[in-house]
Amino acid sequence: PLGADALRNRSTSVKSMTSLATPSNTRVLLTPNRKRTILDWVFVLLNDPEGAALVGEQADVTGFVYHDEGMDAETFLLSRFVVSCCAADAVPVSLPVFWSGSGSLENDQCVEVSGLFEFREIAGTRAAVLIADTVTLVEMPEMPYLYP
C-alpha cells in the first residue's frame with residue numbers, strides 16, 4: 001500500500017479531492033465517534049472549521065505515521081489514503097497527533113491512536129490536534145485505503 005514516501009509528494013487536503021463526493025453530513029454525524037475514520041473526522045472539521053463539534057471529542061483512529069519536517073518532535077501526522085477508483089488517484093488525509101512518544105515511531109508504522117481533540121498552534125497555524133492518550137502499534141488494515 002501507499003505510505004509515507006507517497007505522502008511526501010502529495011497534498012494532504014480533502015479540498016483537493018475533486019473526484020470525490022462529500023459524504024452526507026448525516027452519515028458522518030450518525031457514525032459513532034469511535035467508529036469514525038480519519039476521513040470522517042476531516043469532514044467534520046471541514047463542516048465546522050471553528051471546531052465546536054470536534055473539541056473534547058474522543059476518537060479512536062488507525063493510520064500510518066508520517067513525520068512532517070514542519071512539526072515539532074512530539075507531533076506526527078496520522079494518515080491514510082483515500083481512493084475513488086485506483087491507487088493513481090489516491091489522496092492522503094491526515095490528522096495531527098500530539099504524543100510525547102512520537103520520536104519513537106517510524107514513518108509507515110501503522111498505529112491506533114485514542115485521544116481527545118483540541119486546538120493548538122502547528123507551524124504557526126491554529127489546527128485541530130488529536131491529543132493521544134494511547135498509541136498502539138497495530139497491523140495494517142486488510143483494506144489500507146479509505147473510500148468516500
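## Report on a predicted single-chain model

Over residues 12-21 the pLDDT stays under 50, and the model has 22 contacts beyond four places in sequence for this stretch. Here pLDDT is the predictor's confidence in each residue, from 0 to 100, and a contact means heavy atoms within 4.5 Å. Where pLDDT is low, the predicted coordinates should not be read in detail.

This is a predicted model, in which local features need pLDDT of at least 70 and side-chain atom pairs count only at pLDDT 80 or more, while totals for chains, interfaces and linings use all residues. Residues are numbered from 1 along each chain as its sequence is written, and side-chain values use heavy atoms, with hydrogens and water left out.

The average pLDDT of the chain is 82, and 80% of the residues score at least 70.

The chain has three helices and five strands, in the order α-α-α-β-β-β-β-β from the N terminus. These elements are DSSP runs numbered from the N terminus: helices are H or I with at least four residues, strands are E with at least two.

Of the 148 residues, 47% count as buried. Buried means under 20% relative accessible area, exposed over 50%, and partly exposed in between (1.4 Å probe, protein chains only). Of the contacts with a separation of 6 or more, 64% are between residues 24 or more positions apart.

A nonpolar core is a set of buried Ala, Val, Leu, Ile, Met, Phe, Trp, Tyr and Cys residues joined through side-chain atoms within 4.5 Å. The largest one has 27 residues, of which Phe76, Leu78, Val97, Val111 and Val113 touch the most other members.

Leaving aside neighbours within four places in sequence, Phe76 is in contact with residues including Val65, Met71, Leu95, Val97, Val111 and Val113. A second, separate core of 14 residues includes Ala4, Val129, Ile131 and Tyr145.

With a disulfide taken as a pair of cysteine sulfur atoms within 2.5 Å, the count is zero. The closest cysteine sulfur to that of Cys85 is in Cys86, 4.3 Å away, which is too far for a bond. Cys85 is exposed, with a relative accessible area of 63%, whereas Cys110 counts as buried at 7% relative accessibility.
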